[in-house]
Amino acid sequence: MSREASVEQAALLREYGLQVTTQRLAVLRAVSERPHSSADDIDGIVRTKLGAVSRQAVYDALGILTDKGLLRRIQPAGSPARYEDRVGDNHHHLICRTCNRMVDVDCAVGYTPCLTAADASGYEVDEAEVIYWGRCAECVAASPVPAPDLTTPTTLDNQPSIGTTSKEKDRRV
């Protein structure tokens, strides 16, 4: 990271009323370089750069930087919390089910339709977390889903019915 970027990050910490520490700067740098990383990944990056730093110091820095709004914490279902420095907008995420790669996705429409709940129950909605799940292009290319077998005809009669017993199925035939 350039000296200029480091100076900007130090100024940002001061702007948010935070003391500038080597650990906080290293955490900001790590999240900036590798967005969507877990706390453990960030800890590894910071330890590689700084050497002797406690895991707790890294976790504390992540906590305070998130609380102050300098970082955003995302925790998709079945995944450890991840951190990013893209804050202040209403973007979403797309996660590959195969390799767990996460990418940012801008709101689907020019305005923020996800902030207009069908029934907000009196809440003033200011943020929505939308996560799209699928497979990234690399995982699709590596293991394409096999094409359906078109040699065996498929009819409703040979498809299992949810909640239908074999006796009920025999009566239909």
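Okay, so let's start with the charges: there are nine salt bridges in this structure, where a salt bridge is a side-chain nitrogen of Lys or Arg within 4 Å of a carboxyl oxygen of Asp or Glu. Before I go through some of them, the ground rules. This is a predicted model, so local features need pLDDT of at least 70 and side-chain atom pairs count only at pLDDT 80 or more, while totals for chains, interfaces and linings use all residues. Residues are numbered from 1 along each chain as its sequence is written, and side-chain values use heavy atoms, with hydrogens and water left out.

The chain has six helices and six strands. Those are DSSP runs, numbered from the N terminus: H or I with at least four residues for helices, E with at least two for strands. Reading from the N terminus, the order is α-α-β-α-α-β-β-β-β-β-α-α.

A few totals. Of the 173 residues in the chain, 27% are buried. Buried here means under 20% relative accessible area, exposed means over 50%, and partly exposed is in between, with a 1.4 Å probe and protein chains only. The accessible surface of the chain is about 11,600 Å², and carbon and sulfur atoms account for 51% of that. Areas come from Shrake-Rupley with a 1.4 Å probe, and for residues only the protein chains shown count as cover. As for contacts, meaning heavy atoms within 4.5 Å: take those between residues at least 6 apart in sequence, and 45% of them join residues at least 24 apart.

Back to the salt bridges. One of them pairs Lys49 with Glu33, with the closest N and O atoms 3.9 Å apart. How open are the two ends? Lys49 is exposed, at a relative accessible area of 51%, and Glu33 is partly exposed at 38%.

Now look at Arg55. Its side chain meets that of Asp40 in a salt bridge, 2.9 Å from N to O. Arg55 lies in helix α4, residues 55-67, and Asp40 in helix α3, so this pair ties together parts that are 15 residues apart in sequence. Arg55 is partly exposed, with a relative accessible area of 39%, and Asp40 also counts as partly exposed, at 45%.

Arg55 has another partner, Asp43, with 3.6 Å from N to O. This pair again links α3, which holds Asp43, to α4, which holds Arg55, at 12 residues apart. So is Asp43 buried or exposed? Asp43 counts as buried, at 2% relative accessibility.

Next, helix packing. At what angle do α2 and α4 pack? About 75 degrees, with their axes 9 Å apart.

Who's touching whom? On the α2 side it's Gln23, Arg24, Val27, Leu28 and Val31, and on the α4 side it's Ala57, Val58, Ala61, Leu62, Ile64 and Leu65. By type, that contact has nine nonpolar residues, one polar and one charged. The classes are Ala, Val, Leu, Ile, Met, Phe, Trp, Tyr, Cys and Pro as nonpolar, Asp, Glu, Lys and Arg as charged, and the others, Gly among them, as polar.

While we're in α2, there's Leu25, which counts as buried at 13% relative accessibility. Leaving out residues up to four places away in sequence, Leu25 touches Ser6, Gln9, Ala10, Leu13 and Val20. Leu25 and Ser6 are 19 residues apart in sequence, and their C-alpha atoms are 7.3 Å apart in space.

Last, some backbone torsions. Asn100 isn't glycine, yet its phi is positive, near 70 degrees. Asn100 lies in the loop between β4, 92-96, and β5, 102-105, and is partly exposed at 43% relative accessibility. Ser121 also has a positive phi, near 50 degrees. Ser121 is in the loop between β5 and β6, 131-134, and counts as exposed at 54%.

Notes: Axes fitted to C-alpha atoms, helices over the stretch in contact; angles between N-to-C directions.
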